[in-house]
Amino acid sequence: MDFGANWQMYDRLDLSLPADAWPTAEVLNGAPGDSVLRIGTSGWSRKEYAGTLYTKGIKDPLAEYSRLFNCVELNATHYKIYSPDDIRKWTDKTKGQDFRFCPKVPQSISHHSSLLNAGTETATFLESIRAFETQLGPVFLQLSEHFSPVRKLNLYKYLEQLPEDIRFFVEVRHPDWFQKNTEREDFFRTMQQLGIGVVMTDTPGRRDCLHMAHTIPHLFLRFVTKGGHPLDLTRLQAWKERLDIWKRQGLQDLYFFLHVHDGKYEADFYQEVRTVFGLAGQPQQTQMTLF
(Lines give C-alpha, C1' and ligand atoms only; values in the text may rest on other atoms or scores of the structure.)
Protein backbone atom coordinates (compact mmCIF):
# COMPACT_ATOMS: atom_id res chain seq x y z
CA MET A 1 0.00 0.00 0.00
CA ASP A 2 1.51 3.33 -1.08
CA PHE A 3 -1.37 5.55 0.03
CA GLY A 4 0.10 8.62 1.71
CA ALA A 5 3.66 7.43 1.23
CA ASN A 6 6.23 10.18 0.77
CA TRP A 7 9.52 8.36 0.68
CA GLN A 8 11.44 11.31 -0.80
CA MET A 9 10.75 13.27 2.41
CA TYR A 10 10.89 10.30 4.79
CA ASP A 11 13.94 11.53 6.71
CA ARG A 12 12.54 15.04 7.11
CA LEU A 13 8.98 14.36 8.23
CA ASP A 14 7.71 14.47 11.80
CA LEU A 15 6.73 10.82 12.26
CA SER A 16 6.09 10.93 16.01
CA LEU A 17 2.78 9.55 17.19
CA PRO A 18 0.11 12.18 17.94
CA ALA A 19 -1.60 12.47 21.29
CA ASP A 20 -4.76 10.43 21.82
CA ALA A 21 -7.93 11.94 20.40
CA TRP A 22 -10.88 12.62 22.70
CA PRO A 23 -12.92 9.42 22.14
CA THR A 24 -10.07 7.22 23.33
CA ALA A 25 -10.37 8.26 26.99
CA GLU A 26 -14.08 7.42 26.88
CA VAL A 27 -13.68 4.08 25.13
CA LEU A 28 -10.50 2.77 26.76
CA ASN A 29 -11.53 3.27 30.35
CA GLY A 30 -11.53 -0.29 31.59
CA ALA A 31 -9.14 -2.46 33.51
CA PRO A 32 -6.27 -4.10 31.64
CA GLY A 33 -7.05 -7.59 30.42
CA ASP A 34 -5.74 -10.17 28.02
CA SER A 35 -5.12 -8.09 24.91
CA VAL A 36 -4.84 -10.22 21.79
CA LEU A 37 -2.22 -9.24 19.20
CA ARG A 38 -2.62 -10.40 15.63
CA ILE A 39 0.00 -9.61 13.00
CA GLY A 40 -0.53 -9.92 9.25
CA THR A 41 0.00 -8.41 5.83
CA SER A 42 -2.22 -7.60 2.86
CA GLY A 43 -2.11 -11.06 1.30
CA TRP A 44 -0.27 -14.32 1.00
CA SER A 45 0.64 -14.33 -2.69
CA ARG A 46 2.94 -11.31 -3.07
CA LYS A 47 5.75 -12.29 -5.45
CA GLU A 48 8.44 -10.71 -3.26
CA TYR A 49 7.71 -13.28 -0.53
CA ALA A 50 9.26 -16.11 -2.55
CA GLY A 51 12.73 -16.72 -1.17
CA THR A 52 12.33 -14.10 1.58
CA LEU A 53 9.36 -14.85 3.81
CA TYR A 54 8.73 -18.14 2.03
CA THR A 55 10.94 -21.03 1.11
CA LYS A 56 11.60 -21.09 -2.60
CA GLY A 57 9.39 -23.40 -4.60
CA ILE A 58 6.55 -23.76 -2.11
CA LYS A 59 3.30 -24.98 -3.63
CA ASP A 60 0.82 -23.59 -1.11
CA PRO A 61 1.47 -19.90 -0.23
CA LEU A 62 -1.51 -19.68 2.14
CA ALA A 63 -0.30 -22.61 4.21
CA GLU A 64 3.14 -21.03 4.43
CA TYR A 65 1.68 -17.61 5.23
CA SER A 66 -0.50 -18.99 8.03
CA ARG A 67 2.58 -20.61 9.57
CA LEU A 68 4.05 -17.11 10.02
CA PHE A 69 1.05 -14.85 10.61
CA ASN A 70 -2.26 -15.23 12.43
CA CYS A 71 -4.40 -12.92 10.29
CA VAL A 72 -4.57 -11.45 6.81
CA GLU A 73 -5.92 -8.20 5.43
CA LEU A 74 -7.90 -9.78 2.62
CA ASN A 75 -7.68 -7.38 -0.32
CA ALA A 76 -8.88 -10.07 -2.72
CA THR A 77 -12.50 -9.45 -1.67
CA HIS A 78 -12.13 -5.81 -2.69
CA TYR A 79 -12.11 -6.87 -6.35
CA LYS A 80 -14.74 -9.62 -6.42
CA ILE A 81 -17.27 -11.40 -4.26
CA TYR A 82 -16.15 -14.96 -3.73
CA SER A 83 -18.56 -17.83 -3.40
CA PRO A 84 -18.87 -19.59 -0.04
CA ASP A 85 -17.26 -22.63 -1.65
CA ASP A 86 -14.23 -20.55 -2.67
CA ILE A 87 -13.92 -19.23 0.86
CA ARG A 88 -14.13 -22.69 2.37
CA LYS A 89 -11.14 -23.70 0.24
CA TRP A 90 -9.15 -21.03 2.11
CA THR A 91 -10.43 -21.97 5.56
CA ASP A 92 -9.73 -25.64 4.90
CA LYS A 93 -6.05 -24.74 4.55
CA THR A 94 -6.01 -22.97 7.92
CA LYS A 95 -8.38 -25.32 9.75
CA GLY A 96 -7.44 -25.97 13.35
CA GLN A 97 -5.36 -22.80 13.52
CA ASP A 98 -6.25 -19.62 15.36
CA PHE A 99 -6.24 -17.63 12.13
CA ARG A 100 -8.47 -14.73 11.05
CA PHE A 101 -9.40 -13.48 7.57
CA CYS A 102 -10.22 -9.74 7.50
CA PRO A 103 -12.08 -9.10 4.23
CA LYS A 104 -12.24 -5.71 2.56
CA VAL A 105 -15.67 -4.61 1.31
CA PRO A 106 -15.86 -4.88 -2.51
CA GLN A 107 -15.01 -1.70 -4.40
CA SER A 108 -18.28 -2.05 -6.31
CA ILE A 109 -19.85 -1.03 -2.98
CA SER A 110 -17.21 1.22 -1.43
CA HIS A 111 -16.10 3.12 -4.54
CA HIS A 112 -18.69 2.64 -7.27
CA SER A 113 -22.02 3.01 -5.49
CA SER A 114 -23.85 5.60 -3.44
CA LEU A 115 -23.87 3.06 -0.56
CA LEU A 116 -27.62 3.52 -0.31
CA ASN A 117 -28.15 1.56 -3.53
CA ALA A 118 -25.84 -1.28 -2.53
CA GLY A 119 -28.23 -3.35 -0.43
CA THR A 120 -28.40 -6.38 -2.70
CA GLU A 121 -24.66 -6.52 -3.30
CA THR A 122 -23.95 -6.04 0.40
CA ALA A 123 -26.25 -8.93 1.26
CA THR A 124 -24.43 -11.15 -1.24
CA PHE A 125 -21.06 -10.13 0.19
CA LEU A 126 -22.16 -10.79 3.76
CA GLU A 127 -23.54 -14.19 2.84
CA SER A 128 -20.21 -14.96 1.21
CA ILE A 129 -17.97 -14.00 4.11
CA ARG A 130 -20.08 -15.83 6.68
CA ALA A 131 -18.50 -18.93 5.18
CA PHE A 132 -15.35 -17.98 7.10
CA GLU A 133 -17.31 -18.94 10.22
CA THR A 134 -15.03 -18.81 13.30
CA GLN A 135 -12.11 -17.58 11.16
CA LEU A 136 -13.89 -14.35 10.21
CA GLY A 137 -12.08 -11.33 11.62
CA PRO A 138 -13.09 -7.68 11.33
CA VAL A 139 -14.47 -6.48 8.00
CA PHE A 140 -13.24 -3.13 6.77
CA LEU A 141 -14.89 -0.62 4.50
CA GLN A 142 -12.28 1.50 2.76
CA LEU A 143 -13.76 4.63 1.18
CA SER A 144 -12.07 6.43 -1.68
CA GLU A 145 -10.09 9.64 -1.25
CA HIS A 146 -12.94 11.43 -3.01
CA PHE A 147 -15.60 10.35 -0.49
CA SER A 148 -15.94 13.47 1.66
CA PRO A 149 -18.21 14.29 4.63
CA VAL A 150 -20.64 15.83 2.12
CA ARG A 151 -21.89 12.25 1.74
CA LYS A 152 -21.71 11.33 5.41
CA LEU A 153 -25.43 10.62 5.74
CA ASN A 154 -25.12 7.97 3.04
CA LEU A 155 -22.31 6.39 5.04
CA TYR A 156 -24.14 6.54 8.35
CA LYS A 157 -27.34 5.07 6.93
CA TYR A 158 -25.38 2.29 5.28
CA LEU A 159 -23.54 1.42 8.49
CA GLU A 160 -26.77 1.40 10.49
CA GLN A 161 -28.00 -1.52 8.40
CA LEU A 162 -24.97 -3.74 8.91
CA PRO A 163 -25.33 -6.83 11.14
CA GLU A 164 -24.21 -6.42 14.72
CA ASP A 165 -22.66 -9.89 14.98
CA ILE A 166 -19.83 -8.93 12.61
CA ARG A 167 -17.24 -6.37 13.64
CA PHE A 168 -16.71 -3.55 11.12
CA PHE A 169 -14.06 -0.88 10.69
CA VAL A 170 -14.20 2.10 8.33
CA GLU A 171 -11.23 3.76 6.65
CA VAL A 172 -11.85 7.31 5.43
CA ARG A 173 -9.24 9.18 3.41
CA HIS A 174 -10.66 12.53 2.32
CA PRO A 175 -8.85 15.24 4.37
CA ASP A 176 -12.11 16.95 5.43
CA TRP A 177 -12.95 14.02 7.74
CA PHE A 178 -9.97 14.98 9.88
CA GLN A 179 -9.17 18.64 9.22
CA LYS A 180 -12.63 20.10 9.79
CA ASN A 181 -13.21 19.90 13.52
CA THR A 182 -17.00 19.71 13.35
CA GLU A 183 -16.91 16.90 10.82
CA ARG A 184 -14.21 15.05 12.74
CA GLU A 185 -16.16 15.20 16.00
CA ASP A 186 -19.44 14.19 14.34
CA PHE A 187 -17.76 11.28 12.57
CA PHE A 188 -16.09 9.84 15.66
CA ARG A 189 -19.17 10.30 17.80
CA THR A 190 -21.38 8.58 15.23
CA MET A 191 -18.97 5.66 14.86
CA GLN A 192 -18.87 5.29 18.63
CA GLN A 193 -22.66 5.21 18.80
CA LEU A 194 -22.86 2.65 16.00
CA GLY A 195 -20.15 0.45 17.50
CA ILE A 196 -18.00 0.77 14.37
CA GLY A 197 -14.22 1.07 14.54
CA VAL A 198 -12.16 3.58 12.56
CA VAL A 199 -9.03 2.24 10.87
CA MET A 200 -5.80 3.96 11.89
CA THR A 201 -3.36 4.30 9.01
CA ASP A 202 0.23 5.22 9.87
CA THR A 203 1.72 6.38 6.59
CA PRO A 204 4.40 9.09 6.23
CA GLY A 205 2.61 11.53 3.93
CA ARG A 206 -0.87 11.56 5.53
CA ARG A 207 -0.46 12.07 9.26
CA ASP A 208 -4.08 13.18 9.55
CA CYS A 209 -5.14 9.57 8.96
CA LEU A 210 -3.30 8.67 12.15
CA HIS A 211 -6.19 10.08 14.14
CA MET A 212 -5.61 8.13 17.41
CA ALA A 213 -9.34 7.91 18.10
CA HIS A 214 -10.73 4.66 19.45
CA THR A 215 -14.48 4.42 18.88
CA ILE A 216 -14.52 0.78 20.05
CA PRO A 217 -11.99 -0.97 22.36
CA HIS A 218 -10.36 -2.74 19.40
CA LEU A 219 -7.72 -1.59 16.92
CA PHE A 220 -7.21 -2.11 13.19
CA LEU A 221 -3.83 -0.56 12.37
CA ARG A 222 -2.28 -0.34 8.89
CA PHE A 223 1.42 0.38 9.28
CA VAL A 224 3.17 1.57 6.11
CA THR A 225 6.97 1.40 6.06
CA LYS A 226 9.65 1.89 3.45
CA GLY A 227 11.60 -1.28 4.15
CA GLY A 228 15.29 -1.39 4.97
CA HIS A 229 15.28 2.04 6.62
CA PRO A 230 16.16 2.72 10.30
CA LEU A 231 13.10 4.95 10.73
CA ASP A 232 10.88 1.89 10.26
CA LEU A 233 12.16 0.41 13.50
CA THR A 234 12.01 3.75 15.33
CA ARG A 235 8.35 4.12 14.42
CA LEU A 236 7.62 0.53 15.40
CA GLN A 237 9.16 1.00 18.84
CA ALA A 238 7.03 4.11 19.39
CA TRP A 239 3.96 2.04 18.60
CA LYS A 240 4.93 -0.61 21.13
CA GLU A 241 5.09 2.05 23.83
CA ARG A 242 1.67 3.48 22.91
CA LEU A 243 0.09 0.04 22.65
CA ASP A 244 1.36 -0.86 26.11
CA ILE A 245 -0.42 2.23 27.43
CA TRP A 246 -3.63 1.38 25.59
CA LYS A 247 -3.48 -2.18 26.87
CA ARG A 248 -3.37 -0.91 30.45
CA GLN A 249 -6.40 1.24 29.63
CA GLY A 250 -8.45 -1.67 28.30
CA LEU A 251 -7.53 -2.22 24.65
CA GLN A 252 -8.69 -5.64 23.52
CA ASP A 253 -8.05 -7.15 20.08
CA LEU A 254 -5.29 -5.55 18.02
CA TYR A 255 -4.89 -6.27 14.32
CA PHE A 256 -1.48 -4.99 13.19
CA PHE A 257 -1.07 -5.08 9.41
CA LEU A 258 2.37 -4.55 7.87
CA HIS A 259 2.66 -2.77 4.53
CA VAL A 260 6.31 -2.80 3.53
CA HIS A 261 6.90 -0.74 0.40
CA ASP A 262 9.96 -2.69 -0.72
CA GLY A 263 8.85 -6.30 -0.35
CA LYS A 264 12.38 -7.69 -0.33
CA TYR A 265 12.68 -6.32 3.23
CA GLU A 266 9.41 -7.84 4.44
CA ALA A 267 11.06 -10.85 6.09
CA ASP A 268 13.61 -8.65 7.91
CA PHE A 269 10.95 -6.26 9.15
CA TYR A 270 8.73 -9.14 10.24
CA GLN A 271 11.55 -10.36 12.47
CA GLU A 272 11.97 -6.83 13.87
CA VAL A 273 8.27 -6.77 14.70
CA ARG A 274 8.57 -10.10 16.52
CA THR A 275 11.54 -8.80 18.49
CA VAL A 276 9.87 -5.52 19.49
CA PHE A 277 6.71 -7.32 20.60
CA GLY A 278 8.67 -9.88 22.59
CA LEU A 279 7.97 -12.79 20.25
CA ALA A 280 11.56 -13.55 19.23
CA GLY A 281 12.52 -17.10 20.08
CA GLN A 282 8.92 -18.27 20.25
CA PRO A 283 7.56 -20.69 17.65
CA GLN A 284 6.20 -19.03 14.54
CA GLN A 285 2.64 -20.17 14.82
CA THR A 286 -0.86 -18.83 14.61
CA GLN A 287 -1.98 -19.16 18.20
CA MET A 288 -3.23 -16.00 19.85
CA THR A 289 -0.49 -13.78 21.22
CA LEU A 290 -1.15 -11.94 24.46
CA PHE A 291 0.81 -8.75 24.71
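**Close-up 1. Helix 5 and the lining of the largest cavity in the predicted model.** Helix 5, which spans residues 119-129, gives the most to the lining of the largest cavity, contributing three residues. The complete set of residues that line this cavity consists of Val-105, Thr-122, Phe-125, Leu-126, Leu-141, Tyr-158, Leu-162 and Phe-168. When these lining residues are divided by class, seven are nonpolar and one is polar, while no charged residue takes part. The volume of the largest cavity is about 40 Å³, and a search of the whole structure finds three cavities of 30 Å³ or more.

**Close-up 2. The largest pocket and the residues closest to its centre.** The largest pocket holds about 250 Å³ of space. It is lined by 14 residues, of which Arg-100, Leu-136, Gly-137, Pro-138 and Arg-167 are the closest to the centre of the pocket. By class, the lining of the largest pocket comprises six nonpolar residues, one polar residue and seven charged residues, whereas the lining of the largest cavity has no charged residues.

**Close-up 3. Leu-115, a residue with positive phi in a loop.** Most residues other than glycine have a negative phi. Leu-115, however, has a phi near 75°, a positive value in a residue other than glycine, and is found in the loop between helix 4 (107-110) and helix 5. Leu-115 counts as buried because its relative accessible area of 3% lies under the 20% cut-off.

**Close-up 4. Met-212, a residue with positive phi in the loop between strand 7 and strand 8.** The phi of Met-212 is near 60°, again a positive value in a residue other than glycine. Met-212 lies in the loop that runs between strand 7 (200-202) and strand 8 (219-225), and with a relative accessible area of 0% this residue is buried.

How values were computed. Residues are numbered from 1 along each chain as its sequence is written. This is a predicted model: local features need pLDDT of at least 70, side-chain atom pairs count only at pLDDT 80 or more; totals for chains, interfaces and linings use all residues. Side-chain values use heavy atoms; hydrogens and water are left out. On a 1 Å grid over the protein atoms alone, a cavity is a set of points where a 1.4 Å probe fits but cannot get out, and a pocket is an open set with protein on both sides within 12 Å along at least five of seven lines; lining residues have an atom within 4 Å of a point. Grid points are joined across faces, edges and corners, and a volume is the space filled by probe spheres set on the points. Helices (H or I, at least four residues) and strands (E, at least two) are DSSP runs, numbered from the N terminus. Ala, Val, Leu, Ile, Met, Phe, Trp, Tyr, Cys and Pro count as nonpolar, Asp, Glu, Lys and Arg as charged, and the others, Gly among them, as polar. Buried means under 20% relative accessible area, exposed over 50%, partly exposed in between (1.4 Å probe, protein chains only).
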